[in-house]
Amino acid sequence: MKTISIDGFEVPAEEDWISVKKRQELQLEVLKLVVEKFESLGVEFFLAYGAVIGLVRHNGHLIPWDDDVDLIMPRHDYEKAISALYSDHNFRCYEFTRD
């Protein structure tokens, strides 16, 4: 994969970069829906990990080559949120757990 340097970071070259940028635009649209849903449920949640790093390091934007948005929340809020998302047919939920 070809890379280019942006702000001192090596990122995918433009032909790959466009797909990451489009993916981030879609992720932000989904994030807005999720935030709206979580706020309506009264659950506490936070941006975390790379999402926060991007906001700080890239002046309020996602990390240019990042392809996910990380959210964390207390376990009791997670149970409430995931239950509501599973029952709302506008959302498709996937859970990844470690044994």
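1. A nonpolar patch lies on the surface, made up of Leu-47, Val-52, Leu-55, Val-56 and Leu-71, which together have about 370 Å² of accessible area. Patches here consist of residues with over 30% relative accessible area and no salt bridge, nonpolar side chains (Val, Leu, Ile, Met, Phe, Trp, Tyr) being joined within 5 Å and like charges within 9 Å. Areas are from the Shrake-Rupley method with a 1.4 Å probe; for residues, only the protein chains shown count as cover.

2. The model is predicted, with local features requiring pLDDT of at least 70 and side-chain atom pairs pLDDT 80 or more, while totals for chains, interfaces and linings use all residues. Residues are numbered from 1 along each chain as its sequence is written, and side-chain values use heavy atoms, leaving out hydrogens and water.

3. Helix α2 (residues 49-57) gives the largest share of the nonpolar patch, 3 residues. Helices are DSSP runs (H or I, at least four residues), as strands are (E, at least two), numbered from the N terminus. Val-52 is found in α2 and is partly exposed, at 32% relative accessible area. The classes are buried (under 20%), exposed (over 50%) and partly exposed in between, with a 1.4 Å probe and protein chains only.

4. Helix α3 has 13 residues and spans 18 Å from its first C-alpha to its last, close to the expected 18 Å at 1.5 Å a residue. The expected span is 1.5 Å times one less than the number of residues. Asp-77, Ala-81, Ile-82, Ala-84 and Leu-85 are the buried residues of α3. They lie on the same side of α3, because they cover an arc of only 165° around the axis; the arc is that of the directions from the helix axis to the C-beta atoms. Arg-75, His-76 and Ser-87 are exposed on the other side of α3.

5. The count of salt bridges is 2, each being a side-chain nitrogen of Lys or Arg within 4 Å of a carboxyl oxygen of Asp or Glu. One joins Glu-79 and Arg-75, with the closest N and O atoms 3.1 Å apart. These residues are 4 residues apart in helix α3, so about one helical turn separates them. Glu-79 is partly exposed at 42% relative accessibility, and Arg-75 is exposed at 56%.

6. Lys-37 forms a salt bridge with Asp-88, the closest N and O atoms being 3.0 Å apart. This pair links distant parts of the chain, 51 residues apart: Lys-37 is in helix α1 (residues 14-41), and Asp-88 is in the segment after α3 (75-87). Asp-88 is buried, with a relative accessible area of 16%.
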